[in-house]
Amino acid sequence: MGAPAAPPPHGAGAARPLELTHRDANKQARPAWWIASTVEQKLLVILRDGRKLIGYLRTYDQFANLVLQDTMERMYHSDTYGEEYRGMFVVRGENVVLLGELDEEKEARHLTSLREVPSAEINAVLKAEADARKKADLAIGKILHARGFCVDFAETDHY
């Protein structure tokens with residue numbers, strides 16, 4: 001084997017900051033370019049606490065804080081779903097896990113395979129499941145604590 005190759009000169013293949021305002025040479029969309037192109041579009045936003053919001057993006061800022069209009073919160077459970085109107089909704093950017101453009105045709109096809117139920121009904125089922133999960137986690141935490149493990153009993157987010 002020969003001598004190791006010299007590192008590339010600065011600027012030739014070296015890491016450089018992302019330019020977030022346009023597409024790069026490979027036509028890959030950068031996040032800021034993409035979000036700017038989705039203003040006035042219908043979006044799906046999934047939050048850290050698991051909520052799913054569907055609404056029209058009206059504006060955003062440099063911290064990815066979003067303002068959604070005509071927002072619906074959609075809840076799923078097995079083969080059912082429920083929706084609750086939320087209206088104008090401000091989302092803090094640090095709470096966004098996923099943000100995506102919604103294809104209304106695919107959404108309509110997807111919803112035909114599910115049964116719509118009143119939001120109060122699905123909220124009650126989801127709350128009962130969350131309470132049961134919390135109770136089970138607390139019991140497991142107590143067992144682990146009794147065996148010498150350090151257990152955080154504080155509520156945390158899903159991510």
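# A chat about one chain

Tutor: Ile140, Leu144 and Phe149 form a nonpolar patch on the surface of this predicted model. Together these three residues have about 280 Å² of accessible area.

Student: Where does Ile140 lie?

Tutor: Ile140 lies in helix α3.

Student: Is Ile140 buried, partly exposed or exposed?

Tutor: Ile140 is partly exposed, since its relative accessible area is 49%. That value falls between the 20% limit for buried and the 50% limit for exposed.

Student: And how far is Ile140 from Val151?

Tutor: Their C-alpha atoms are separated by 9.5 Å. Along the chain, Ile140 and Val151 are 11 residues apart.

Student: Let me step back. How many helices and strands are in the chain?

Tutor: The chain has three helices and six strands.

Student: In what order do the elements run?

Tutor: Starting at the N terminus, the order is α-β-β-β-β-β-α-β-α.

Student: How much of the chain is buried?

Tutor: The chain has 159 residues, and buried residues make up 20% of them.

Student: What about the surface?

Tutor: The accessible surface of the chain comes to about 11,600 Å². Carbon and sulfur atoms account for 56% of that surface.

Student: New topic: salt bridges. How many are there?

Tutor: A search of the whole structure finds nine salt bridges. As background, side chains of opposite charge can pair when their charged atoms come close.

Student: Which residue does Glu83 meet in a salt bridge?

Tutor: The side chain of Glu83 meets that of Arg74, with an N to O distance of 2.5 Å.

Student: Are those two buried or exposed?

Tutor: Arg74 is buried, because its relative accessible area is 7%. Glu83 counts as partly exposed, at 23% relative accessibility.

Student: What else does Arg74 pair with?

Tutor: Arg74 also meets Glu107 in a salt bridge, at 2.6 Å from N to O. Arg74 lies in strand β3 (residues 66-77) and Glu107 in helix α2, so this pair ties together parts that are 33 residues apart in sequence.

Student: Is Glu107 buried or exposed?

Tutor: Glu107 is buried, and so is Arg74.

Student: What about Asp131 and Lys127?

Tutor: The side chains of Asp131 and Lys127 meet in a salt bridge, 3.1 Å from N to O. Both residues are in helix α3, and because they are four residues apart there, about one helical turn separates them.

Student: How open to the surface are they?

Tutor: Asp131 is partly exposed, with a relative accessible area of 40%. Lys127 is exposed, with a relative accessible area of 53%.

Student: Is Ser119 buried or exposed?

Tutor: Ser119 is buried, because its relative accessible area is 17%, and the cut-off for buried is under 20%.

Student: Back to patches. Which residues form the negative one?

Tutor: Glu101, Asp103, Glu104 and Glu105 form a negative surface patch.

Student: Where is Glu105, and is it buried or exposed?

Tutor: Glu105 is in helix α2, which covers residues 104-112. Glu105 is exposed, with a relative accessible area of 58%.

Student: Last topic, the backbone. Which phi does Asp70 have?

Tutor: Asp70 has a positive phi of about 55°, although it is not a glycine. For context, most residues other than glycine have a negative phi.

Student: Where is Asp70 found?

Tutor: Asp70 is found in strand β3, and it is partly exposed with a relative accessible area of 38%.

Student: And what phi does Ser78 have?

Tutor: Ser78 has a positive phi of about 45°, and Ser78 is not a glycine either. Ser78 is found in the loop between β3 and β4. At 65% relative accessibility, Ser78 counts as exposed.

Definitions and conventions. Residues are numbered from 1 along each chain as its sequence is written. This is a predicted model: local features need pLDDT of at least 70, side-chain atom pairs count only at pLDDT 80 or more; totals for chains, interfaces and linings use all residues. Side-chain values use heavy atoms; hydrogens and water are left out. Patches are made of residues with over 30% relative accessible area and no salt bridge: like charges are joined within 9 Å, nonpolar side chains (Val, Leu, Ile, Met, Phe, Trp, Tyr) within 5 Å. Accessible areas come from the Shrake-Rupley method with a 1.4 Å probe; for residues, only the protein chains shown count as cover. A salt bridge is a side-chain nitrogen of Lys or Arg within 4 Å of a carboxyl oxygen of Asp or Glu. Lys and Arg count as positive and Asp and Glu as negative; His and the chain ends are not counted. The place of a charge is taken as NZ of Lys, CZ of Arg, CG of Asp or CD of Glu. Helices (H or I, at least four residues) and strands (E, at least two) are DSSP runs, numbered from the N terminus. Buried means under 20% relative accessible area, exposed over 50%, partly exposed in between (1.4 Å probe, protein chains only).
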